[in-house]
Amino acid sequence: MSVRESFNPESYELDKSFRLTKFTELKGTGCKVPQDVLQKLLESLQENHFQEDEQFLGAVMPRLGIGMDTCVIPLRHGGLSLVQTTDYIYPIVDDPYMMGFKDAAEEAGTSVTGGQTVLNPWIVLGGVATTVCQPNEFIMPDNAVPGDVLVLTKPLGTQVAVAVHQWLDIPEKWNKIKLVVTQEDVELAYQEAMMNMARLNRTAAGLMHTFNAHAATDITGFGILGHAQNLAKQQRNEVSFVIHNLPVLAKMAAVSKACGNMFGLMHGTCPETSGGLLICLPREQAARFCAEIKSPKYGEGHQAWIIGIVEKGNRTARIIDKPRIIEVAPQVATQNVNPTPGATS
């Protein structure tokens with residue numbers, strides 16, 4: 001994936017102070033209802049995880065719990081299932097293009113159709129992804145077993161990176177962190193975050209089939225711990241997830257600590273936008289998965305880390321008290337990063 005030139009508002013006859021993120025009070029997934037509140041509100045909608053369904057000839061059909069972002073609905077004909085997810089966010093980056101729906105859909109092998117247009121005082125970005133699959137074309141996220149390992153396919157810290165990038169224009173906030181991070185560090189982390197957010201999870205999802213993955217979810221608004229907990233609750237077996245390592249965009253862990261962990265990054269509760277996949281893989285396959293995803297044949301930028309284990313337990317997830325922080329160096333070249341107009345040094 002090539003690095004695009006930094007967005008310059010004046011090239012589009014906009015004022016040099018134009019920032020897309022100023023058109024919303026909430027950033028990214030900050031619009032989401034807190035996880036614990038949402039779970040309580042939706043408890044009455046929870047179906048049995050596995051139940052007999054008369055319209056499908058008495059077969060025991062899997063049901064995803066309310067904590068998962070995707071629904072899998074068996075259809076009446078041909079053994080097919082409808083797989084669907086919906087999501088939306090507010091802007092977190094200032095480039096109005098980045099990677100639009102049309103280009104992202106084409107890269108994913110599909111297209112954008114339909115939609116609804118409304119007036120709104122805030123900019124909202126989102127949509128619905130829908131597909132119809134044969135049983136061998138998708139992996140139900142409920143088959144983790146003790147001895148599996150946890151693999152993550154994108155670094156954490158996107159929320160921190162985009163926040164501190166905006167702080168470059170806010171001296172009172174920038175002054176609180178400038179002793180632990182430079183403007184160049186922030187620009188690099190911001191560019192890296194944008195490249196990661198624009199990168200599809202398609203390659204990782206395809207390799208899940210190759211390496212016999214047992215379960216997976218994506219890491220978004222509830223942070224890595226929140227989504228790990230949701231995934232643990234879905235498991236057929238009595239297992240728990242333990243996370244030992246946190247791959248984080250370079251310098252963002254230091255920034256988070258300097259801010260008193262206001263982002264929740266070290267606790268696993270920091271929201272991510274377009275995060276990677278958290279995958280349960282057989283131990284003997286995990287290292288091969290991590291090596292394969294970096295192959296040039298899949299394009300540049302794909303990464304993966306073993307971050308934890310699956311053990312016997314009561315369907316919970318936790319991060320150990322002192323997780324190892326893996327500093328993920330930016331893959332974008334320094335010369336491709338242009339300072340933000342008006343940034344404070």
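The legends below describe close-up views of a predicted model, beginning with the whole chain and moving to single residues. Residues are numbered from 1 along each chain as its sequence is written, and side-chain values use heavy atoms, with hydrogens and water left out. Because the model is predicted, local features need pLDDT of at least 70 and side-chain atom pairs count only at pLDDT 80 or more, whereas totals for chains, interfaces and linings use all residues.

**View 1. The protein chain as a whole.** The protein chain holds nine helices and 11 strands, where helices (H or I, at least four residues) and strands (E, at least two) are DSSP runs numbered from the N terminus. Of its 345 residues, 46% count as buried, a term that means under 20% relative accessible area, with exposed meaning over 50% and partly exposed lying in between (1.4 Å probe, protein chains only). Among contacts (heavy atoms within 4.5 Å) with a separation of 6 or more, 80% in the protein chain come from residues 24 or more positions apart.

**View 2. Helix 3 against helix 5.** Two packed helices are described by the angle between their axes and the distance between the axes. The axes of helix 3 and helix 5 (residues 183–198) come within 9 Å and cross at roughly 130 degrees, which makes helix 3 oblique to helix 5. Axes here are lines fitted to C-alpha atoms, for helices over the stretch in contact, and angles run from 0 to 180 degrees between N-to-C directions; those under 35 degrees count as roughly parallel, over 145 as roughly antiparallel, 65 to 115 as roughly perpendicular and the rest as oblique.

**View 3. T158 in helix 3.** T158 belongs to helix 3 (residues 158–167) and counts as buried because its relative accessibility is 5%. Leaving aside neighbours within four places in sequence, T158 is in contact with A193, M197, L249, P271, E272 and T273.

**View 4. H302 in a loop.** H302 sits in the loop between helix 9 (283–292) and strand 10 (305–312), and at 14% relative accessibility H302 counts as buried. The side chain of H302 reaches the backbone oxygen of Y298 at 3.2 Å. When residues up to four places away in sequence are not counted, H302 touches R199, L200, T203, I293 and K294.

**View 5. Helix 7 and its cover.** Helix 7 (residues 223–233) is mostly covered, since nine of its 11 residues are buried. Among these buried residues are G223, I224, L225 and H227.

**View 6. K102 in helix 2.** K102 lies in helix 2 (residues 101–107) and counts as exposed, at 56% relative accessibility. The side chain of K102 makes a polar contact with the side chain of E106 (2.9 Å), a polar contact being a pair of N or O atoms within 3.5 Å in which, within protein, one must be able to donate a hydrogen and the other to accept it, and residues adjacent in sequence count only if both atoms are side-chain atoms. The C-alpha atoms of K102 and V112, which are 10 residues apart along the chain, are separated by 6.2 Å.

**View 7. E13 and its positive phi.** E13, found in the segment before helix 1 (35–42), has a positive phi near 60 degrees although E13 is not a glycine. E13 is exposed, with a relative accessible area of 79%.
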